[in-house]
Protein chains: 2
Amino acid sequence: MSDYDVLCIGNAIVDIISRCDDAFLVENGIIKGAMNLIDVDRSELLHQRMGPAIETSGGSAGNTAAGVASFGARAAFFGKVSNDQLGTIYRHDIRAQGVAFDTTALDGNPPTARSMIFVTPDGERSMNTYLGACMELGPEDVEEEKVRASRITYFEGYLWDPPLAKEAIRKTAAIAHAAGREVSMTLSDPFCVDRYREEFLELMRSGTVDFVFANEHELISLYQTSSLETALAALRGDCKFGVVTRSERGSIVIRGDETIAVDPERVDTVVDTTGAGDLYAAGFLFGYTKGLSLADCGRLGSLAAGLVIQQVGPRLQTSLKHAGQQAGLI
Amino acid sequence: MSDYDVLCIGNAIVDIISRCDDAFLVENGIIKGAMNLIDVDRSELLHQRMGPAIETSGGSAGNTAAGVASFGARAAFFGKVSNDQLGTIYRHDIRAQGVAFDTTALDGNPPTARSMIFVTPDGERSMNTYLGACMELGPEDVEEEKVRASRITYFEGYLWDPPLAKEAIRKTAAIAHAAGREVSMTLSDPFCVDRYREEFLELMRSGTVDFVFANEHELISLYQTSSLETALAALRGDCKFGVVTRSERGSIVIRGDETIAVDPERVDTVVDTTGAGDLYAAGFLFGYTKGLSLADCGRLGSLAAGLVIQQVGPRLQTSLKHAGQQAGLI
């Protein structure tokens, strides 16, 4: 028996999303498609240079939690905001989606994290994240009862950027495993993988993490190879199973010698890729907690990712439960 | 010679937009399609009950200023925010659109205004506005040089809700007229008209306002008649010209005995009507400052309104100049 299907842990971030052309990224030294970490001064500079924007709650694992809840499953979230206007917005949105969220907020300083996301005409998003309050997430924020009560714990590799969040994750994984639960992670970003490659591999090889989500760029970064085949072969030995997303080429689930290829959703126009990987994980995790086959888990992931890239921002305003039912997947 | 084509004056509001069904409006006593004024307690209550939302800068005249700038014209804006996170967002968005905005911000108390906007499945928006910092806009906020330097001043009837903004408007109109400029207003909302009917009529009949924008509900409310024909006839005598929008039935421009009917844009799916009237005004005012015929002004209004109702939120992320050129109107 479990109270929650999925517990997600990650940086609690409000997204500030605007459009730009590719030249803007080059002129401002923004690595395209990546999560660029920035300090408060650069945050102000980029905001000045940014076009008119919209704001929406985001954060990788937060988006996944919202997606799991949108499928109708029970989700919880750990993440740090401040008691300020952006924090109020963040808390509202994730709770209003039905996600249990009770992490103690900071008293306004540092402020709630924000990511300035620039979306180029091809729909690709380039993120510039000021971590603010997220820097303070630590082991004291682990709500042990929720960990024990969650079938799956899922966290983002991005949590290796703040200083103490990794301690929270190791503590959480130990509690989860002691309660007979599974733990999963996303590798988050190729540059994040580059920063923490050895630690991520250790998490997998030590069994701290049972299964892993990655896109092909992150996987190739993890194993420092130019060959996806080589990387997939290595991944087979490093976790119980792995889920590798490949944008318009769909996704691959590997488990031991098994390889399951999953088709992508057909999408006419990619508006904004923000949240694609997060919503894929939401669909997959939802299916997994419902006992579906790995292929069907992947299909639910594709469905959710296909929907989110046709809108601006990473939080769907339509019901994934309804979409999954219409597609005959649930 | 003028430095600005259009100066817009209005409540500076961040929109918090979510979807709901019609029953939600009934259960929560929200008048559908209207701007419902709320206090801070009701603001918190409705926010608790609201689904996941997105945030975007809004405010009726602010949306119009952003639209005018998006057409490539020179716009300025007067409106009151606070120095808080929502105020920073507001200031950023309107300036990033190219609008001159220099109204002195409050020091955080009361906070920047927000409107919780509930969008029903038919696309209609129902607004719930906490005015916050907007309550402090007053005659000291009138930047006289900008008024003199603006070909047209445009303000919203909503400014009769805060206590001192009407003084700012009367002061502005006097300066504008002394400089040989024109002054226009929108009636804003049928219930707003009901609150300030006599004052709005006095503004028109005294020549404080040269021309007026209204939708048919506002016009009918203004003249307390059930007949649009009767209301239009009355309007002919009360202003130099009047522009009456009728949603999917297009719009009508009247000037003396003249009547110009303007077709609506063809729109397949109305996503969210937020900002429709504001963007209509933007297109019309842009055309007017460029010396186009009233019919072409109306067509530009229809174009802009037709675009904004196909997206969530009142600020277009695409260029109206480009859209106007593609449509062959500019």
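Analyst: Pro110(B) sits in the loop of chain B that lies between strand 6 (100-101) and strand 7 (113-119); helices (H or I, at least four residues) and strands (E, at least two) are DSSP runs, numbered from the N terminus. This is a predicted model, where local features need pLDDT of at least 70 and side-chain atom pairs count only at pLDDT 80 or more, while totals for chains, interfaces and linings use all residues. Residues are numbered from 1 along each chain as its sequence is written, with chains lettered from A and ligands numbered from 1 in the order in which they are written.

As a rule, most peptide bonds are trans, and most residues other than glycine have a negative phi.

Now for phi. Ser188(A) is not a glycine, yet its phi is positive, about 75°. You can find Ser188(A) in the loop between strand 10 (182-186) and helix 7 (190-205) of chain A. Is Ser188(A) buried or exposed? Ser188(A) is buried because 28 other C-beta atoms lie within 10 Å; buried takes 20 or more within 10 Å, exposed 12 or fewer, and partly exposed is in between, with C-beta atoms placed from the backbone.

Gln224(B), also not a glycine, has a positive phi of about 50°. Gln224(B) lies between helix 8 (216-223) and helix 9 (228-238) of chain B, in their loop. With 12 C-beta neighbours inside 10 Å, Gln224(B) counts as exposed.
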